[in-house]
Every structure is written in C-alpha cells, then in structure tokens.
Amino acid sequence: MEKFIRACVSILPKPLQKIYYKYEEKWLYLIFGVLTTVVSFVTSGISKSLLEATGFGKDAVSTVSTVISWICAVTFAYLTNRVWVFDSHAKGAGEIAREAASFYGGRVFTLLVETGMMWIGYSKIGINYWVSKIIANIVVLILNYVISKIFVFRGKKDDTAEND
C-alpha cells in the first residue's frame with residue numbers, strides 16, 4: 001500500500017508533493033477516513049435494506065443499521081490507522097489488545113454521537129436518511145482523528161515533517 005501511495009504522489013507536481021509530505025499523516029487519515037466511510041455506508045445500506053424488508057420500524061432501522069456499520073467501519077479504521085496512518089509499533093498480544101481496546105473505546109463515544117444524530121435527524125426530524133448519515137459522518141470523522149491522535153496513537157509516528 002505504501003508503494004502505491006508513493007507512486008500516486010509521485011505523479012503530482014512537486015509543490016503538491018511537498019504539501020502532501022508535509023502533512024502526510026493528515027492526508028492518509030483523510031484517505032482512509034473516506035474509505036472507512038465507504039465501508040460504513042455500504043454496510044449501513046445493506047443492513048437498512050435487510051431490516052426494512054423484515055418489517056422493523058424507523059427507530060430500530062436507524063439504531064441497528066448504525067451499530068452494524070459502526071462495527072465494520074471501526075474494525076477497518078483500526079487496521080488502516082494502525083498500519084498506515086499512525087504507524088503503530090505496538091507488539092505482542094497484550095500491547096496490541098490494549099491499543100485496540102483504547103481505539104474501540106474512543107469510538108464508542110463517536111458511536112453515541114452518530115447514533116444520536118441519526119436518531120434525531122432521520123427518526124425525529126425526518127431528514128433524508130443519507131443526508132443525516134453524511135452530516136453525522138463528517139462530525140464523526142473529525143472527532144475520531146482528534147481521539148486517535150491524542151489518546152490512542154500519540155507519539156506513534158514521527159511528526160518532524162510537520163515541523164519543517
């Protein structure tokens with residue numbers, strides 16, 4: 001993956017390459033955040049369709065589909081953040097388990113934020129499901145970066161490029 005990303009960056013004009021490398025962690029977080037959102041939307045759409053087809057009401061559809069998509073998206077995000085974004089050096093089952101628990105624990109807060117936003121936006125106010133989902137995911141993406149940077153992967157990646 002790293003070679004693929006570097007190959008993509010190499011085709012950019014030099015000034016854009018400098019910007020990318022200066023803020024590489026944030027760009028990678030954004031790229032994998034978008035991919036995580038795709039995972040979330042796909043699993044949310046599939047679970048929404050299945051739940052509606054079995055006769056569940058709006059409240060159940062909103063909550064259950066959000067939780068299912070959260071589990072899938074957070075698992076994808078942990079793996080990509082650990083390996084490519086924050087370059088975690090956690091080793092051994094215990095250390096990795098603590099890091100994963102911290103990551104998932106931080107995401108519980110944003111699960112509650114997203115679930116609440118979906119419940120209010122879609123179930124109570126009647127905003128289109130996907131509009132509610134997009135708005136909630138923008139808020140969640142920002143909160144997740146802050147939580148990961150400050151609490152989960154702090155000091156895991158050399159930030160000297162940002163200080164140049």
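Select lysine 133 to begin, and you will find that its place is in helix 6, where helices (H or I, at least four residues) and strands (E, at least two) are DSSP runs numbered from the N terminus. The model is a predicted one, in which local features need pLDDT of at least 70 and side-chain atom pairs count only at pLDDT 80 or more, whereas totals for chains, interfaces and linings use all residues. Residues are numbered from 1 along each chain as its sequence is written, and side-chain values use heavy atoms, with hydrogens and water left out.

Stay with the lysine for a moment. Lysine 133 has a relative accessibility of 0% and therefore counts as buried, the term meaning under 20% relative accessible area, with exposed meaning over 50% and partly exposed lying in between (1.4 Å probe, protein chains only). Now show its surroundings: apart from neighbours within four places in sequence, lysine 133 is in contact with Ser40, Phe41, Ser44, Ser69, Glu114 and Met118, contact being defined as heavy atoms within 4.5 Å.

Next, zoom out to the whole protein chain, which has 6 helices and 0 strands and reads α-α-α-α-α-α along the sequence. Its C-alpha atoms fill a box of roughly 55 × 40 × 25 Å, taken along the principal axes. Of the 164 residues, 38% count as buried, and among contacts with a separation of 6 or more, 72% are accounted for by residues 24 or more positions apart.

Then select Ile5, Leu28, Val85, Phe86, Phe103 and Phe153, the residues that touch the most other members among the 18 of the largest nonpolar core; such a core is a set of buried Ala, Val, Leu, Ile, Met, Phe, Trp, Tyr and Cys residues joined through side-chain atoms within 4.5 Å. Two or more residues each are given to this core by helix 1 (2–10), helix 3 (24–53), helix 4 (58–85), helix 5 (92–125) and helix 6 (129–152), with the largest share, 5 residues, coming from helix 4.

Move on to the aromatic rings by selecting Tyr29, Trp70, Tyr78, Phe86, Phe103, Tyr104, Tyr145 and Phe153, which form one aromatic cluster. Rings of Phe, Tyr and Trp (its six-membered ring) pair if their centres lie within 6.5 Å, and planes under 30 degrees apart count as stacked, over 60 as edge-to-face and the rest as tilted. By this rule there are 15 aromatic pairs. In one of them, the rings of tyrosine 29 and phenylalanine 86 have centres 6.3 Å apart and planes at 55°, so the pair is tilted. This pair links distant parts of the chain, 57 residues apart, with tyrosine 29 in helix 3 and phenylalanine 86 in the loop between helix 4 and helix 5, and both residues are buried.

A further pair joins tryptophan 70 and tyrosine 104, whose ring centres are 6.4 Å apart with planes at 80°, so this pair is edge-to-face. Here tryptophan 70 belongs to helix 4 and tyrosine 104 to helix 5, 34 residues apart. Tryptophan 70 is buried, with a relative accessible area of 13%, whereas tyrosine 104, at 26% relative accessibility, counts as partly exposed.

Finally, select aspartate 87, which lies in the loop between helix 4 and helix 5. Aspartate 87 has a positive phi of about 50° although it is not a glycine, and at 32% relative accessibility this residue counts as partly exposed.
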